[in-house]
Amino acid sequence: MATKQLLKGLPEDADLRRADSLAREIFSDVANKWAFLIIEALGERTLRFSELRNEVEGVSHKMLTQNLRMLERNGLLDRKVHPTVPPRVEYTLTDPGRALRGTVDAMCGWTHQYLNHIEDARRQFDE
């Protein structure tokens with residue numbers, strides 16, 4: 001978390017420590033497994049809903065829809081509807097979404113690096 005010194009000059013809405021801040025709301029929106037997996041799946045590509053559902057194993061239709069809407073609302077992805085029958089809808093990360101992907105990639109790398117350590121710790125804890 002950012003210290004008070006780093007937040008100096010920024011609006012109160014930028015303080016993640018405040019329960020009512022916009023930053024906390026955004027953090028809460030994007031810091032969930034489905035959002036991370038959707039961002040990772042999209043990467044530099046444009047995908048349709050069904051392609052995303054196939055890429056993100058285990059996500060329900062409802063959860064995928066909710067997370068795509070949330071990411072679009074926060075300006076992290078573009079949704080393009082093509083006027084065909086049936087409509088063809090495509091999703092692409094925006095510049096801020098691609099920037100967030102760097103953080104998602106780092107989290108994925110951290111998970112891979114410490115997977116065995118965490119697995120061992122869980123096993124010891126559960127004994």
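**Helix crossing**

I began with how helix H2 passes helix H5: the crossing is left-handed. I noted the term: left-handed has the near helix turned anticlockwise from the far one by less than a right angle, and right-handed has it turned clockwise. This is a predicted model, where local features need pLDDT of at least 70, side-chain atom pairs count only at pLDDT 80 or more, and totals for chains, interfaces and linings use all residues. Residues are numbered from 1 along each chain as its sequence is written, and side-chain values use heavy atoms, without hydrogens and water.

H2 covers residues 22–30 and H5 covers residues 61–73. Their axes come within 10 Å and cross at roughly 145 degrees. Axes here are lines fitted to C-alpha atoms, for helices over the stretch in contact, and angles run from 0 to 180 degrees between N-to-C directions.

Which residues meet there? I found Glu25, Asp29 and Val30 in H2 against Met70, Leu71 and Arg73 in H5. Contact means heavy atoms within 4.5 Å. The residues of this contact divide into three nonpolar, no polar and three charged. Nonpolar covers Ala, Val, Leu, Ile, Met, Phe, Trp, Tyr, Cys and Pro; charged covers Asp, Glu, Lys and Arg; the others, Gly among them, are polar.

**Whole chain**

I listed the elements next. The protein chain has six helices and three strands. From the N terminus on, they run α-α-α-β-α-α-β-β-α. Helices (H or I, at least four residues) and strands (E, at least two) are DSSP runs, numbered from the N terminus.

I looked up the overall dimensions. The C-alpha atoms fill a box of roughly 50 × 45 × 25 Å along the principal axes. The radius of gyration is 18 Å, but a compact globule of 127 residues would have one near 14 Å. That radius is taken over C-alpha atoms, and the globule rule is 2.2 Å times the number of residues to the power 0.38.

**Sheet**

I turned to the strands. The three of them form an open sheet in the order E1-E3-E2, with antiparallel pairing. E1 and E2 are the edge strands, each pairing on one side only. The twist averages 30 degrees from one strand to the next. Two strands pair if DSSP finds at least two bridges between them.

How many bridges join E1 to E3? I counted three, between residues 46–48 and residues 88–93. Arginine 48 stands opposite glutamate 90 in E3. Lysine 80 also stands opposite glutamate 90.

Six bridges join E2 (residues 77–82) to E3. Valine 81 faces valine 89 in E3. E2 and E3 form a hairpin with five residues between them. Proline 86 lies in that loop. The peptide bond from valine 85 to proline 86 is cis, with omega near -10 degrees.

I also checked H3 (residues 33–42): this helix lies across E1, E2 and E3, at about 95 degrees to E3.

**Record**

An unreviewed entry places "domain: HTH hxlR-type" at residues 19–119. UniProt positions follow the numbering used here, feature names are shortened, and annotations may be inferred rather than shown by experiment. The end C-alpha atoms of residues 19–119 lie 32 Å apart, and the span is 63% helix and 15% strand.
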